[in-house]
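Reader: Please take me through one part of this model closely, residue by residue where that helps, and state the criteria behind each term as you go.

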Amino acid sequence: MARPFCVLGAKTGGGSVLIVLTGASGFVARMLVPRLLARGHDLRLVTDRPEVIIGAWPTLPRFGTDDLATAFSGADCVVHLAARNNNRSGTLAEFRADNVEAAVRARLAARAAGVQRFIFASSINAARAKGGAPYDQTKHEAEQALLAADDPTLSIYRLGTVHAAGMAAGRLGRAQRLPVPLRPIALSVLMSLRPTTSIGRLCDAIETGGPGFRVLTDRQDDSVTYAFAHRAFDLLFSAIVIFGFWWLLLGIWVGVKLGSPGPGVLAQDRVGRNGRIFRCYKFRTMAEGTKVAGTHEVPESAVTPIGRILRRAKLDELPQVLNLIRGDMAFVGPRPCLPVQTDLIAARQARGVLKVRPGITGWAQVNGIDMRDPERLARVDEDWLNERSLPLDAKIILATFLGRRVLRGVRIGGPSLQDE
């Protein structure tokens, strides 16, 4: 029977922590080993290719995949990294054997040995397993098989492309083929195109993360290329609207003024990045004196005739180009809420959504999810945050302009592929 769950980081001051890494010959394990050793942990390595690692760490205990009971005996944590990756060919049955059956077998061995934590390293691509590559499909199947056991010692981490100190696996590894001076630039560009996970972030999660499911990505927090591309698009879009369609802005303003009493443009307080309140601009679509509340809380009768047209065409948001120029908002991001929507603010704060600038459009909006369910909206905002990349944001922008929904009700990052 497994011992109660504990946080490994809490033990480092009172004795060494023994961590077992399966798949020790792989890229992620080779990046983890020196960092975990530097943090004072004891390690054991499990691999079916001991010749690959014997020269790198000759003093570390090594075990074969057929000797898990011995390898796990007395261990505090098992990090299951072993997998058949996309760079290896194989049938779906072979992928299932390596990615599903081996994971379940390792978990059972860890339980039998009384291991306090079993960490399964999954992939962000498991969220798109339906109709995907065998690796993505079997990673998702492994998640479902492990979750079905209702194991309190289990942690599942969905990882992006792992990188460390200028090195990266998978497609990001292409940057290593370039001349040394160009590698950091190329790597920054490639990292802006897909979700990534730094090896330091994974180390922190191994030490301090709790049981359950977690998407573990960098969220583009430190991506210079991603930030530059976003800001460049925001300014370009603003310039096109102001200088190319000033006549449309003027015409809409006149139409709103003539259509009903009140100002043509409203300036409302909204909650921005880090919870800061800012003034958000939009064409007025409701009768003057309508209460300040979420759109779903205001009766349809409060919407003016021209307001219905503007909302349907999404033209009421055009004055927010001023917010783009000022840096209050981005074109793509979570829609800014009102200060009175305290439930949504709290839900977003808990999920880290308030750390990014709000947007004119976002993942939730192109999937038809509004603010009437704060928890669900915050969760979908977090899904986008975990997986954000330039291609995903381009998809959101295209869907916004075409007026289409992308994947209504389907989460990017959750453990289930079922529509909600």
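This is a predicted model: local features need pLDDT of at least 70, side-chain atom pairs count only at pLDDT 80 or more; totals for chains, interfaces and linings use all residues.

Author: Tyr281 touches Val265, Leu266, Ala267, Pro319, Gln320, Leu322, Asn323 and Arg326, leaving aside residues up to four places away in sequence, where contact means heavy atoms within 4.5 Å. With one of these residues, Arg326, the side chain of Tyr281 makes a side-chain to side-chain polar contact of 3.2 Å; a polar contact is a pair of N or O atoms within 3.5 Å, of which, within protein, one must be able to donate a hydrogen and the other to accept it, while residues adjacent in sequence count only if both atoms are side-chain atoms. Residues are numbered from 1 along each chain as its sequence is written, and side-chain values use heavy atoms, with hydrogens and water left out.

Tyr281 itself lies in strand β12, strands being DSSP runs of E with at least two residues and helices runs of H or I with at least four, numbered from the N terminus. Strand β12 (residues 277-283) runs antiparallel to strand β11 (residues 265-271), and seven bridges join them; two strands pair if DSSP finds at least two bridges between them. Within this pairing, Asp269 stands opposite Arg279 of β12. The hairpin of β11 and β12 has five residues between the strands, and there Asn274 takes a positive phi near 60°.
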